[in-house]
Every structure is written in C-alpha cells, then in structure tokens.
Amino acid sequence: MSAPGRTVAAIIPCKDEADRITATVEAVLALDGVDRVVVVDDGSSDGTAAVADAAGASVIVHARNAGKAAALETGVRHLRGLEAADGHAPRHLLFVDGDLEQSAGNLHVLLPPVLEGRADMTIATLPPQKVAGGGRGFVVRLAREGITGLTGWTPVQPLSGMRCLTAEAFEAASPLAPGWGVEVGLTVDVLTAGLRVEEVPCELQHRVSGTDWRGQVHRAAQYRDVWRALTRRRLRQALSERAPGVAARL
Ligand SMILES: O=c1ccn([C@@H]2O[C@H](COP(=O)(O)OP(=O)(O)O[C@H]3O[C@H](CO)[C@@H](O)[C@H](O)[C@H]3O)[C@@H](O)[C@H]2O)c(=O)[nH]1
Ligand SMILES: O=C(O)[C@H](O)COP(=O)(O)O
C-alpha cells in the first residue's frame, strides 16, 4: 500500500507548445491529488517557458533540445531536489504531454489505482481522435509486438505517454530509454521488475501527427528510438542469465 496522503506531481515535457500549454497546465493544476506541476521546456523557440510560468507551473529549461525522455528525467530530478529541500517524501509521478489542453482534466482516472496501491503504473488509452492522424501503424505494431515478446503482456496503446507511476516504478526504468523509446522502455522495465501495469481508458484529445513530410520524419524517429529501446532490452534479457554484470550495464 502507498503511504496515506501520498500526493502526485505532474511532469510535462514540452517542445514548442506555447499555444497549448496554458490550458494543459490549468487542467492539471485542478486535478485532485496533484500538488505540483513541473514543465520542462525542451529547447522551445516559441516562448513555451514564459507561458507555462504564467500559467502557474514550476518551469525548467533545456537550453538545447534533448528529447522527451531527457525532459522527463530533468523534471523528475528537479522535483526530487524540491522535495529534499522541503523534507517531503518522494511523490508519485504523472507524465503528461503538453498538447492535451482541457482534456488533461480527464487524467484523474490514472490516479486511484496507484494511490490505492493496486497498480505501480497506469497508462491512459485514448479514444479515436477528432482530427484523424496519418499513421499506418508501423511504430505502434513494432512497439506492441516488442513488448509482448519481452514481457508476455500486450498493451492496447504501447506509445501512450500519459502515465501515473510510483517513485519505485520510475527507478526501475531509470535511466529512461532515450527519446521516443521512453514509453516502451518504461513498460518493459516496470514489468520486468515484477511491478504491476494497467491501461485505463481516458477521454484525451491531442495534436496528431499528419501525413506531411514532418509527420513522416517524426514517425521515422519514433521507429528508430523504439527499435533501439527494444534491442537493448532483448540483449539485456539474453545476457541476464549468462553475464548478469554485463546485462546490468546495458
Ligand atoms: O524533443 C521533444 C519532442 C517532444 N516533446 C514533448 O513530448 C510530448 C509528446 O510529443 P508529441 O509531439 O505530442 O508526440 P506524438 O507522436 O504525438 O506522441 C505520441 O507518441 C509518443 C511516443 O512516440 C508519446 O510520447 C506520446 O505520449 C504519444 O501521444 C509533447 O508534450 C512534446 O512537446 C519534448 O519534450 N521534446
Ligand atoms: O501517428 C501515430 O500514431 C504515431 O506517430 C505512430 O505512427 P504509426 O501509426 O506509423 O505506428
């Protein structure tokens, strides 16, 4: 069971989300149980940091873009520093994308299983989006089949980034898989540590990637990072019996 009264801190990684971050931060600040909101501006060029600060978040800035996983790690490190200074126990974490706007208010469904000690990590599954995306399912399939092969569990939406997790689950997946590999890495590492993961349907709407060249470049980067996260974990699994010391360093 979690400690009674344990609260949740939201971490919002952002690259160029100035148009959407105010509504997202306001919705997350209003969530019952969330008592800190940290926005990590991952090298934006559109003033995201100032807008997030005005909306009431604690803001940290990466001078240069470092990718989503690095932004999450920076946010958690900053949070742990604040907690140490306040003498506050490590909070549970709520990972939220910056582009959810008001729909982020529906993320409350991710909290009870973690707060009540029934799950170590919950993952939001999204309904069909109002604006259709341009994906063909290649990255989603790679991620889903990879997770099944490594853990025996088949997620409905393997790339969903909206997650609530305990401090212990975060540690089990640290250091996080880089870039867009972060979700697959989290799921595999948390399950491999013997912890419990649950998908929870959540009414979220986000900006979907289109079919233009920008969308295709984005998907290629997702594919590369997911492939790397899976390959590293397959190697780790294969080595863990024969050379556990080497596996631990992978
Ligand atoms: O270099 C970057 C790029 C993006 N982001 C932020 O990361 C979040 C997710 O990025 P987004 O562009 O919305 O990615 P999508 O492809 O739409 O996201 C889907 O797929 C990603 C995994 O590939 C998951 O992280 C997301 O949760 C999931 O919605 C957003 O808040 C971004 O601002 C960064 O912090 N740094
Ligand atoms: O648009 C998406 O859903 C993601 O970018 C993943 O792309 P995919 O549909 O090609 O897996």
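Biologist: How many helices and strands does the secondary structure of the protein chain come to?
Modeller: This is a predicted model. In the protein chain, the secondary structure comes to 9 helices and 7 strands.

Biologist: Why is the chain described as compact as a globular protein of its length?
Modeller: For 250 residues the globule rule gives 18 Å. The C-alpha trace spans about 55 × 50 × 35 Å along its principal axes.

Biologist: What percentage of the contacts with a separation of 6 or more comes from residues 24 or more positions apart?
Modeller: Contact here means heavy atoms within 4.5 Å. Among contacts in the protein chain with a separation of 6 or more, the share from residues 24 or more positions apart is 74%.

Biologist: What share of the residues in the protein chain is buried?
Modeller: A residue is buried when its relative accessible area is under 20%. The chain has 250 residues, and the buried ones make up 47%.

Biologist: Which residues touch the most other members of the largest nonpolar core?
Modeller: In soluble globular proteins, nonpolar side chains tend to be buried together. The largest nonpolar core here has 30 residues. Elements giving two or more residues to this core are strand S1 (8–14), helix H1 (21–29), strand S2 (34–42) and helix H4 (111–115). The residues that touch the most other members are Ile12, Val28, Val34, Leu94, Leu107 and Leu110.

Biologist: Which residues does Val34 touch, not counting those up to four places away in sequence?
Modeller: Val34 is listed among the core residues that touch the most other members. With residues up to four places away in sequence left out, Val34 touches Val8, Ala10, Val28, Leu29, Leu94 and Leu111.

Biologist: How many residues are in the other core that lies apart from this one?
Modeller: Among the members of that other core are Ala9, Ala69, Val76 and Leu176. The number of residues in this core is 24.

Biologist: Why is the aromatic pair of Phe95 and Phe170 assigned its class, and what is that class?
Modeller: The structure holds 1 aromatic pair. The ring centres of Phe95 and Phe170 are 6.3 Å apart, with the planes at 80°. Planes over 60 degrees apart count as edge-to-face. The pair is therefore edge-to-face.

Biologist: How many residues apart are Phe95 and Phe170?
Modeller: Both residues are buried. Phe95 sits in strand S4 (residues 92–95) and Phe170 in helix H6 (residues 167–172). The pair links distant parts of the chain, with a separation of 75 residues.

Terms used. Residues numbered from 1 in each chain as written. Chains lettered and ligands numbered in written order. Predicted model: local features only at pLDDT ≥ 70, side-chain atom pairs only at ≥ 80, totals over all residues. Heavy atoms only, no water. Core = buried A, V, L, I, M, F, W, Y, C linked by side-chain atoms within 4.5 Å. Buried < 20%, exposed > 50% of the residue type's maximum accessible area, 1.4 Å probe, protein only. Helix = DSSP H or I, 4+ residues; strand = E, 2+ residues; numbered from the N terminus. Phe/Tyr/Trp six-rings, centres within 6.5 Å; stacked < 30°, edge-to-face > 60°. Rg over C-alpha atoms; globule rule 2.2 N^0.38 Å.
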